[in-house]
Amino acid sequence: MALPSVQRVFLESVASTDPEGRFIEVNGIQTYYKKAIPQSHGQLLQNQQSIPNEPNKPVILLLHHFLGNLYTWRHHMQPLADNTGCHVIAYDRPTFGFTERPTKWEEGRNPYTQEASVEFAVQLVANLGYENRKIALVGVSGGGSIICGIAVKYPDLVHSLCLLAPSIRHEDQGPPPIGRHILGSAPGRLFLKIALYQYLPITLFYHNTNSIPDWETVICSHIKMEVFDEIASSCPNVKMEFKVINECGHLPQDEKPQEVLNSVINFLLSLQI
């Protein structure tokens, strides 16, 4: 029997400080996740009673952004479960958070590709025992591109999509090759950090958007309303909502968590979830 890798032992030991976190193996990768269930279900389990079998209830899966982790959903998981009656899952995508970071793989099985990310998310849900449930998918930034990939490849599995500041164009997916080279080395990351935070007023830009000329024009130029118009016209029977969160950047779930939570809950309830 092979011994666990040093990486696995380290990640598990660090993650053990949070009693709500769990590990499960998905496609050979030790994966860190959390699950929230409605409080009413938790009370039944405490009393050693069975929770109701509701096969028509979807499971809600939350996918975080590039360089993020499941902590970004800390304000959303339990309220989503309580308000919808659904089980809610969030996980650290491979190479982020406490999930394992494979460094070797068989040819053609790179775990970091978009296709692998789609298969990984679907397999995670199945491994957790929800293979017969539809999935209500919520993704932010790069997580949005993954849930779109799931919808394209596995439409029968999908209950609904909630896209938060999604990066869904090919050119949005990660840094260019020179950027990957810089981020892949410790000196490169250190140089980038110094450049961003010492020589550029990044924190000023973040906290005071008025310091950037024509800020609203910059932000609005990235909102492609015609994309939503095209979807709406081609799929007239699909329920779709478009919401703008004012005075908010690229990570609304962190910056305006209550507004995001309310929007997602209201949308899901409107679908009679």
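This is a predicted model: local features need pLDDT of at least 70, side-chain atom pairs count only at pLDDT 80 or more; totals for chains, interfaces and linings use all residues.
**View 1. H87 and its surroundings.** Let's start in the loop between α3 (77-84) and β4 (88-91), where H87 lies. The relative accessibility of H87 is 12%, so this residue counts as buried, the cut-off being under 20%. Its side chain makes a polar contact with the side chain of H41, at 3.4 Å. Leaving aside residues up to four places away in sequence, H87 touches A36, I37, P38, H41, I51, V59, I60 and Y130.

**View 2. The ring pair of F23 and Y32.** Searching the whole structure turns up five aromatic pairs. One of them joins F23 and Y32: the ring centres are 5.2 Å apart and the planes meet at 55 degrees, so this pair is tilted. F23 is partly exposed, at a relative accessible area of 26%, whereas Y32 is buried, at 2%.

**View 3. The ring pair of Y32 and F98.** Y32 also pairs with F98, here in an edge-to-face arrangement with 5.1 Å from centre to centre and 90 degrees between the planes. Taken together with the previous view, ring pairs link F23, Y32 and F98 into a cluster.

Methods:
Residues are numbered from 1 along each chain as its sequence is written. Side-chain values use heavy atoms; hydrogens and water are left out. Helices (H or I, at least four residues) and strands (E, at least two) are DSSP runs, numbered from the N terminus. Buried means under 20% relative accessible area, exposed over 50%, partly exposed in between (1.4 Å probe, protein chains only). A polar contact is a pair of N or O atoms within 3.5 Å; within protein, one must be able to donate a hydrogen and the other to accept it, and residues adjacent in sequence count only if both atoms are side-chain atoms. Contact means heavy atoms within 4.5 Å. Rings of Phe, Tyr and Trp (its six-membered ring) pair if their centres lie within 6.5 Å; planes under 30 degrees apart count as stacked, over 60 as edge-to-face and the rest as tilted.
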